[in-house]
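Biologist: Hi, could you walk me through this one? I'd like to ask about a few spots as we go.

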Amino acid sequence: MKKMTLLSFVFSLFLLVIPEKNMAAENLQAIIDSMKEGAVLKLENKTYEGNIVINKPLTMIGRSKTVIKGDGTGNVISVKAPHVKLSQLTVSGGSMDRNSSEEYAAIKIYTDHNVVEHVTIRHSFHGVYLSKAHDNTIRYADIKGMGKGEIAAQGNGIHVFYANDNLLEHNTVDGTRDGMFFDYAYRNKSYDNNITNTRYGLHYMYSDENIFKRNVFTMNTGGAAVMNSNHLKLEDNQFIINYGNQSFGLLLLQANDNDIKNNTFYMNQRGLYIDQATRNTFKSNRIIQNQIGIELWASSNEQTFTLNRISENTIPAVTLGGNSENNAWSKDGKGNDWGAAFPLTDLNQDGIGDFPVIYHSSLHQLIEDQELTNLFLKSPAISIYEKINATLKDDEVMFQDSHPLTAAKAQHSWILYLVIAGVAVLILRKGRHRLCIIFGRNGRKI
Amino acid sequence: MHYIWKEWKENIRGKGLWLSISIIVLISVSILFRPTALSFDKGFYVLLINLFDTLIYFIPILCLFIGAFSIFQEKEQKTLIMLLTKKDNYPSFLVKKSLGLYTVVLVPLIVWFSVYLLLLKFTLQLDIKSYLVFVAAIVLMTLLFLQMGAAIGSFSRSRMQIIGYTIFVWFYFFFLHDFILLSFLPDVTYENVKFFSVIYFLNPLQSVRMYLETGMGVYSFGHMSRLMQAFMWTKPVFFLLGNLLVWLVVSVGTAIVFNRKEGYE
């Protein structure tokens, strides 16, 4: 009898110490499976084991320290039901295997109408993968990869594959292969994303009618690479410091009928790099302080450049591979603002210069033949080289803008003028009473 | 130590150093206030690159002049003869004088860039590692051109000679070196690109720039072609150190071998 009492006591103790609730909490998959459709699952501030599959509509909300950690063998979260909402989670530990038939991700979505928001993703091949998934929303995702040096061993921040009508907004991607990769994806919208230290911030393959607005691409090998994709809208984006021998702000390769408006291309190796692309419109963009403002290959035709500000670039625009004469540098009598490097008169004050801006360059052949030329684009020697070669026969017209806009007046800071004046007064006052040793003879007042 | 103190006293009484430092201060402040509609997280890097691109126009020539006139002044005041007859020989004089020059020019420069960091803190998101790389780039460039200036001061006999040599050295590194390389560019192949790279990085302005841009993580070396890989056969910091070594040795050597103890005046 005593033994029986002891046994029952120990058994009841075991039940009390490890209640069923806690056992289930360790196994997130079991909790998900036990929930009803449309239920809300609130996770605690702890680490859950990953590689979970969500196969019913539900909402899963974490807290600031909720982590779902995969075992490194597959997708950490697979969404296989529509109307799933994931919020406030840190997801890590996806498989990095490149030999498997499947490309793994931290969050892989196979269905429509899902929402992923406020998630942090680390240590995974792809961040969020939309596979034939439509009408999903991905917002406020913070995705970090292994850094710029690692290209092949890691995937993309957000990978959109055969997926249409998705909304991607306010996401931050840092150090992945491509920031956002679109493959056969149509009518997706990307707003206010911030992409840095990747290979291509944005990479488009065979994806039409997408819209990009207010995204910022900084310090990538290439800002945005649009390949074989048509009818895109790129507006109000910033392509900044995409710097390196092969770098560019925006590459258009076999991309047609795209509308590129109000974007900023600042301090890139090339602002715009256009190859085998036709009928693209570039309007009201700011292409400033790039080494080459616009690199236009002869295989590209019927581009229209109007109302852009193209200034302070080492080379404003260069045409390579022969003369492409079908590009328009003005539209409806309005050309571009080429900055102070091309002084203009505007006697009738209509904002349009009185004579065309024509740019000659002898560098085109060198840039085309020898990639090391890019190393010299910041050198002051370039201007001398251009001037000396101006008289030689290899000097060609790079563009002719018949209706150039007169340069916008620069704004100056009055604080700066005050500081300059103050320093000047100080130096002059000092010079009145002292002896100058370095620039004057000792013992003699100057 | 005596030399440092002597150099300091001479410079604070003169205008050259103050003029140079105030130019650098003005440029850095003006870039800070530069009106720009571009506002973004990476403003810090943009500012440092722009600042470097502007300073590169001033620092080399100012340092050449400061270095050259500092040595020449010893000749002018006959203090060089005094020093050499007492206990120093020319190499030891040159080394001590150079150390004095480095201290007097670099200390105010480093102090200013420390203050400047505080100013930046109010406006931009800082990256201290990148800033240290930037300051190192400026310091190394200053040091190199000061030494070249000291060499010019050593072998020049008059102020006009100093101005002539200084402008030539500045013009060579600023325009001529790259211009000559640009002329040879069509003949560069995979076989001779390494040699071309050595000559390219012999220009201190190019090696400092490459060090700065890669050190700050701005310049990306991803997806390099075979030619580019052969061109960048070692790390940018080694190109810079090699450059520094070559020009310091050449400058000191030239100064010792061709020095003239007295000026015309």
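Biologist: Where is the place of His170(A) in chain A?

Modeller: His170(A) is in the loop between strand 14 (167–169) and strand 15 (172–174) of chain A. Strands here are DSSP runs of E with at least two residues, helices are runs of H or I with at least four, and both are numbered from the N terminus. This is a predicted model, where local features need pLDDT of at least 70, side-chain atom pairs count only at pLDDT 80 or more, and totals for chains, interfaces and linings use all residues. Residues are numbered from 1 along each chain as its sequence is written, while chains are lettered from A and ligands numbered from 1 in the order in which they are written.

Biologist: Thanks! What is the phi of His170(A)?

Modeller: His170(A) has a positive phi of about 55 degrees, although it is not a glycine. Most residues other than glycine have a negative phi.

Biologist: And why does His170(A) count as partly exposed?

Modeller: Because 16 other C-beta atoms lie within 10 Å of His170(A). A residue is buried with 20 or more other C-beta atoms within 10 Å of its own, exposed with 12 or fewer, and partly exposed in between, with C-beta atoms placed from the backbone.

Biologist: What about Asp135(A), where is its place?

Modeller: Asp135(A) is in the loop between strand 10 (126–131) and strand 11 (137–139) of chain A. Asp135(A) is not a glycine either, and has a positive phi of about 55 degrees. With 15 other C-beta atoms within 10 Å, Asp135(A) is partly exposed.

Biologist: Which residues does Val397(A) touch?

Modeller: Leaving out residues up to four places away in sequence, Val397(A) touches Ile358(A) and His360(A). Contact means that the two C-beta atoms, placed from the backbone, lie within 7 Å. Val397(A) and Ser362(A) are 35 residues apart in sequence, with their C-alpha atoms 8.9 Å apart in space.

Biologist: OK, on to chain B. How many helices and strands does chain B have?

Modeller: Chain B has 12 helices and 1 strand. Starting at the N terminus, its elements run α-α-α-α-α-α-α-α-α-α-β-α-α. Buried residues make up 39% of the 265 residues in chain B, and its C-alpha atoms fill a box of roughly 60 × 50 × 30 Å along the principal axes.

Biologist: At what angle do helix 2 and helix 4 of chain B cross?

Modeller: Helix 2 (residues 16–32) and helix 4 (residues 59–76) of chain B cross at roughly 165 degrees, and their axes come within 10 Å. The axes are lines fitted to C-alpha atoms over the stretch in contact, and angles run from 0 to 180 degrees between N-to-C directions. That makes helix 2 of chain B roughly antiparallel to helix 4 of chain B. Angles over 145 degrees count as roughly antiparallel, under 35 as roughly parallel, 65 to 115 as roughly perpendicular and the rest as oblique.

Biologist: Which residues of helix 2 of chain B meet helix 4 of chain B?

Modeller: Gly16(B), Leu17(B), Ser20(B) and Ile23(B) in helix 2 meet Leu62(B), Phe65(B), Ile66(B) and Phe69(B) in helix 4.
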